[in-house]
Amino acid sequence: MIRVLFTILAGVLLGGVVHLVSVLALPRIASQDAYSRLTPMTRLNEVTQLPLADPSNSPMPLMDPAFAVAICRYDLSTGPLKLTVPVSQAYTSVSFYTRNEVAYYAINDRSAGKKVIELDLMTEAQHNELPEDEEVTAADRLIIDSPTSTGLILLKALAPEPGLMPQAQASLAASSCKVQAEPVATKQEAPPPLPVPAPPPAARKR
């Protein structure tokens, strides 16, 4: 009896481990993940609005028809990204995902406390290259570290009523997601001081 129970318990544990491994590995081995599906319909480092949710044809699963949705498919290999999203009248949210669809950050208009959600997205290595004297706070300049160089940014604007959908779409249309024009400043050592000129020789006594 004990041997039977031990066999059942071992089978349950083994099944749980196999299920967990398959769930965690699925985003990496799937050929039609979100990034791959959105690649043909989006441009790199640009905001692209998606069509409204339609039961017969939806670019992403579980899309809410009350939200206008836009995507920024980013690549940080050429430099940090500057993201600006004007908030809509009702509600606006921005979510960040890695290339493998792992969510790592989210912000909305309530937490931003501003009329425009504005932030810099960069890799940890690019963040470390910022000058040491460039001390900025989250209130002045929000910097987000991306775990991967490529990924997706999901922008959503709520339309509480169908008639307000054009306003929600307009707020996303005014958003921008582009590589910063200026390269990230690297840490530089202070130049050596200029030599002090020697004092003039004393006048000879006659």
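1. Strand β4 pairs with strand β8 (residues 150-158) in the antiparallel sense, over 7 bridges. This is a predicted model, and the pairing should be read as such.

2. Val94 has Ile107 as its bridge partner in β5. The two strands make a hairpin with 4 residues between them. Within that turn, Glu101 has a positive phi of about 70 degrees.

3. Thr92 belongs to strand β4, which covers residues 92-98. Thr92 counts as buried because its relative accessibility is 0%, and buried means under 20%. A polar atom of the Thr92 side chain lies 2.8 Å from the backbone nitrogen of Ser88. Beyond four places in sequence, Thr92 touches Val85, Pro86, Val87, Ile107, Asn108, Asp109, Ile117, Lys156 and Ala157.

4. A further group of 4 strands forms an open sheet in the order β7-β6-β3-β9, with mixed pairing. The edge strands are β7 (142-146) and β9 (176-179), each of which pairs on one side only. On average, neighbouring strands of this sheet are turned by 25 degrees against each other, direction ignored. Strand β6 (residues 116-123) pairs with β7 in the parallel sense over 5 bridges. Across this pairing, Leu121 stands opposite Ile144 in β7.

5. The structure holds 3 salt bridges. One of them joins Glu118 and Lys82, whose closest N and O atoms are 3.5 Å apart. Glu118 lies in strand β6 and Lys82 in strand β3 (residues 81-86), so the pair ties together parts that are 36 residues apart in sequence. Both residues are partly exposed: Glu118 has a relative accessible area of 44%, and Lys82 has a relative accessibility of 26%.

6. Lys82 meets Asp120 in another salt bridge, at 3.0 Å from N to O. Because Lys82 lies in strand β3 and Asp120 in strand β6, this pair links parts that are 38 residues apart in sequence. Is Asp120 buried or exposed? Asp120 has a relative accessible area of 1% and is therefore buried.

7. The salt bridge between Arg110 and Asp109 has its closest N and O atoms 3.1 Å apart. Arg110 counts as exposed, at 57% relative accessibility, whereas Asp109 counts as buried, at 12%.

8. The chain averages a pLDDT of 79, and 67% of the residues score at least 70. Over residues 25-31, pLDDT stays under 50, and the model has 4 contacts beyond four places in sequence for this stretch. For residues 183-190, pLDDT also stays under 50, and the model has 14 such contacts.

Definitions and conventions: Residues numbered from 1 in each chain as written. Predicted model: local features only at pLDDT ≥ 70, side-chain atom pairs only at ≥ 80, totals over all residues. Heavy atoms only, no water. Pairing = 2+ DSSP bridges. Axes fitted to C-alpha atoms, helices over the stretch in contact; angles between N-to-C directions. pLDDT = per-residue confidence, 0-100. Contact = heavy atoms within 4.5 Å. Buried < 20%, exposed > 50% of the residue type's maximum accessible area, 1.4 Å probe, protein only. Polar contact = N/O pair within 3.5 Å; in protein donor to acceptor, adjacent residues only side chain to side chain. Salt bridge = Lys/Arg side-chain N within 4 Å of Asp/Glu carboxyl O.
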